[in-house]
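Subject: A structure for you to explore

Hi there,

Here is the structure I promised to hand over. Have a look at it first, and then read on for what turned up in it.

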Amino acid sequence: MNQNELLAALWGLLSGAEIPPLDPASGLASAAPAALAALAEAHGVAPLLFKRLSELPVQLAAPVVQTLESSYYQSAGRAQLLKAELARLAGAFDQAGLPWLPLKGAALAWDIYPDPALRPMNDLDLLVAPRDLLAAVRLAAGLGYRFEKLSYHALLRGGPAAAIPLELHWTLPGGLPLNIDLANLSKNLRSKFFERFTYQYSLEHLLRQHAASPRLIWRYDLLLLAQRLGDSLPPASAGSPAVTFLDNTKASLRQLPPGALLRLSGSLLFPSPAYIQWRYHPQPRWTWPLYYFKRAAEWLGEIVGRS
């Protein structure tokens, strides 16, 4: 099987759209097990694949099963860590009177998925009002988070051992302005309306920002939300054009109050040294200052390429 065939077969297996052939000479059973596991890892669905295979009479090589099982338990442990940190952030935001919404995995893992380990997450994504972004950054800093950079979201890092990236968003995907009553919706996170919002946000995120390389886990998010919403599923939009990173950033920054933009804008080209080392993995490590020039060249190249 080539890569596209393997991807289609993997999606069929996870979504239930197809009954996977169990004949060892055909279908998924004939795919290289290591390639199947690697593809599942790359698309964020290794825990899902582990769960699905445990329900089927399909035998894979023991090392592959161990890899998938390890991904599942790592995701389970990460989910516990993120849940505790989300509760800590939520309590602080609520006490400060800052409306917020969980986005992406934070809105899905514990309420839409039957098991949070099945929805791997690396970070926490929260949505705040543009006028509240600076206050939210300061509040997170008071909880030990370090501000790292600003683009179409504010990136901070904190939590236990500074191991949790926190992304604060203030627009919809593509830099579109908020068109919702954030304060009211933040009080009704268990409502059908919030599930509809999460579906629409997830769909726009996929189409506008990741249409060129959609991960299967994002498609699976939409599948579960569609099953959950049923007849109340929002109607399909007329189309969502993809946006570049630069356009997304520019559109998002236009929504910020001037004061917040002025205070945070230095990190656009000069994010924290910790971010530079995480983003570029400089070798040798002491060369990390040179990567600010690389970052500037990347931005310049994108601007020139679009002109």
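Let's begin with a term: a salt bridge is a side-chain nitrogen of Lys or Arg within 4 Å of a carboxyl oxygen of Asp or Glu. R146, E148 and R157 are joined by such bridges into a network. The whole structure holds 10 salt bridges.

Before the rest, a word on the source. This is a predicted model, where local features need pLDDT of at least 70 and side-chain atom pairs count only at pLDDT 80 or more, while totals for chains, interfaces and linings use all residues. Residues are numbered from 1 along each chain as its sequence is written, and side-chain values use heavy atoms, with hydrogens and water left out.

**The whole protein**

The protein has 13 helices and 5 strands (DSSP runs numbered from the N terminus: helices are H or I with at least four residues, strands are E with at least two). Its radius of gyration is 21 Å, close to the 19 Å from the globule rule for 307 residues, so the protein is as compact as a globular protein of that length. That radius is taken over C-alpha atoms, and the rule is 2.2 Å times the number of residues to the power 0.38. Of the 307 residues, 48% count as buried (buried is under 20% relative accessible area, exposed is over 50%, and partly exposed lies in between, with a 1.4 Å probe and protein chains only).

**The sheet**

In what order do the strands of the open sheet run? The order is β1-β2-β5-β4-β3, with mixed pairing (two strands pair if DSSP finds at least two bridges between them). β1 (101-103) and β3 (146-150) are at the edges with a single partner strand each, so one side of each has no neighbour in the sheet. From one strand to the next, the twist averages 30° (axes are lines fitted to C-alpha atoms, for helices over the stretch in contact, and angles run from 0 to 180 degrees between N-to-C directions).

β1 and β2 (residues 124-127) run antiparallel and are joined by 3 bridges; P102 has L126 as its bridge partner in β2. Helix α4 (residues 62-96) packs on the sheet, where it touches β2 and β5 (164-169); contact here means heavy atoms within 4.5 Å. Helix α12 (residues 273-280) also packs on the sheet, touching β3 and β4 (154-158).

Side chains of opposite charge can pair when their charged atoms come close. R119 and D221 do this at 2.8 Å, N to O. R119 sits in the loop between α5 (105-108) and β2, and D221 in helix α9 (residues 216-229), 102 residues apart. Both of these residues are buried.

R228 and E195 form another salt bridge, at 3.1 Å, N to O. R228 is in helix α9 and E195 in helix α8 (residues 192-209), so the pair ties together parts 33 residues apart in sequence. Here R228 is partly exposed, at 37% relative accessible area, whereas E195 is buried, at 9%.

Most residues other than glycine have a negative phi, and most peptide bonds are trans. A161, in the loop between β4 and β5, has a positive phi near 55° and is exposed. In the loop between α12 and α13 (291-306), the peptide bond from Q283 to P284 is cis, with omega near -10°.

Happy exploring!
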